[in-house]
Amino acid sequence: MRDEGEGALASTVSTRRAATGPMRRRVTSAGLIFDTLLGEIVSLELPPGTPLQEKAIIDRFAVSRTPVREAVIRLAEMGLVDVFPQSGTFVSRIPVTAIPEAVLVRKALEGITVEAAAASGDPRRALRLDAVILRQRLAAEHGELGLFHEADEAFHAEIAAIGGHPGIWRLLMQVKMQIDRARRLTLPALGRMNHVIAEHVVIRDAIAAGDQAEARRAIDVHLGAVLPDVAALRGRFPDYFA
């Protein structure tokens, strides 16, 4: 039986999942709460240290305690929420030590997708990537950080799709969440948007030319830029990092 208020809850879900493709799992109240809070944590709408009060979440989504607790447990398992029995539940700090490893995993897996995209022979591959880059340019011109990040996700998802490995991108969505939290600070703080677009153009050109080695090199440069950004941001936002 569906929880009371589940229909109302569905209308609150964000559309920011576009880059990952349609949801394939059965939609439940716990899943919808999880998706919503996950999006708000990764986007820093709920910054590190923010308390998550169970009653406030229950009232917000008009559900019982059970789906809220299920959603919070999933977030805690992903390292996005800290639960302290005597103190409460809080959005976790960004673990700096976990980011280099996540970058290595992302480089390895996206190296596979970008090489596959370059080797695909898809006659529309350049056009498909150009359409996403255009979205990024427009978002940057208007200072729309949220839309820029969505277009950035779509660019990498499109590469995986062109290469015939969309499942790799879905796996990476789990691996890179702590990176994404840091990048939400990086883009406005360090003026990274124009640099990101330029890096994407280099990747796009290599894929369009069918140059697998250059595509791999370009993605490594692009993803490697995350690390110095995080080091600088830690000094600016010490309360956000652990």
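Angles under 35 degrees count as roughly parallel, over 145 as roughly antiparallel, 65 to 115 as roughly perpendicular and the rest as oblique. The model is predicted: local features need pLDDT of at least 70, side-chain atom pairs count only at pLDDT 80 or more, and totals for chains, interfaces and linings use all residues. Residues are numbered from 1 along each chain as its sequence is written, and side-chain values use heavy atoms, without hydrogens and water.

**Exercise 1.** Find how helices α5 and α8 are oriented to each other.

*Solution.* Start with the elements. Helix α5 spans residues 98–119 and helix α8 residues 166–175. Helices are DSSP runs of H or I, at least four residues, numbered from the N terminus. Next, take the angle. It is about 170 degrees, with the axes 10 Å apart. Axes are lines fitted to C-alpha atoms over the stretch in contact, and angles run from 0 to 180 degrees between N-to-C directions. Therefore α5 and α8 are roughly antiparallel.

Now list the contact (heavy atoms within 4.5 Å). From α5 come A102, V105, R106, L109, E110, I112 and T113. From α8 come I168, W169, L171, L172 and V175.

**Exercise 2.** Decide whether H156 is buried or exposed, and name its contacts beyond four places in sequence.

*Solution.* Locate the residue: H156 lies in helix α7, residues 145–162. Apply the cut-offs: buried is under 20% relative accessible area, exposed over 50%, partly exposed in between (1.4 Å probe, protein chains only). H156 has 1% relative accessibility, so H156 is buried. Leaving aside neighbours within four places, H156 touches R106, E110, W169, H200, I219, H222 and L223.

**Exercise 3.** State what share of the protein is buried.

*Solution.* Of the 242 residues, 46% are buried.

Definitions and conventions. Helix = DSSP H or I, 4+ residues; strand = E, 2+ residues; numbered from the N terminus.
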